[in-house]
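Hi,

Here's the structure I promised to pass on. Have a look at it first, and my notes on what turned up are below.

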Amino acid sequence: MTAERPAGKGDTDLGASSGKTVTIEQIGSPARRPKVQQQTLIGLGLNKLNRRRTLQDTPAVRGMIQKIRHLVRIVDEKA
């Protein structure tokens, strides 16, 4: 049994951010790329060309997209 603990100072709810999403599509192959770029694609849920993912628009996701901006493109941003 797990008990719910009361929200305390410093607790953040990462799952219910502002509700903004960003859709990205993989346009480049991870072949012959540094391992860190391959791992970033996997972290975003991409692994094959032309795959799309809709993710929460957070600073972490934006940073990952920026890191591999030559391999992905932003398809849609919803507020």
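A quick definition before the notes: a residue is called buried here if its relative accessible area is under 20%. By that cut-off, 23% of the 79 residues in the protein chain count as buried. Bear in mind that this is a predicted model.

On the overall layout, the protein chain has two helices and three strands, and from the N terminus they follow the pattern β-α-β-α-β. The strands make an open sheet with the order β2-β1-β3 and antiparallel pairing. β2 (52-56) and β3 (72-78) sit at the edges with a single partner strand each, so one side of each has no neighbour in the sheet. On average, neighbouring strands are turned by 25 degrees against each other, ignoring direction.

If you zoom in on β1 and β3, you'll find six bridges joining them. I24 is placed opposite I74 of β3.

Now for the inside. The largest nonpolar core is made of eleven residues, among them V22, I24, L41, L55, I65 and V72. β1 (21-26) and α2 (59-67) each contribute at least two residues to this core.

Among contacts between residues at least 6 apart in sequence, 72% join residues at least 24 apart. The accessible surface of the protein chain is about 6,000 Å², and carbon and sulfur atoms account for 51% of that surface.

Cheers

Definitions and conventions: Residues numbered from 1 in each chain as written. Predicted model: local features only at pLDDT ≥ 70, side-chain atom pairs only at ≥ 80, totals over all residues. Heavy atoms only, no water. Core = buried A, V, L, I, M, F, W, Y, C linked by side-chain atoms within 4.5 Å. Buried < 20%, exposed > 50% of the residue type's maximum accessible area, 1.4 Å probe, protein only. Helix = DSSP H or I, 4+ residues; strand = E, 2+ residues; numbered from the N terminus. Pairing = 2+ DSSP bridges. Axes fitted to C-alpha atoms, helices over the stretch in contact; angles between N-to-C directions. Contact = heavy atoms within 4.5 Å. Areas by Shrake-Rupley, 256 points an atom, 1.4 Å probe, with all protein chains shown as cover.
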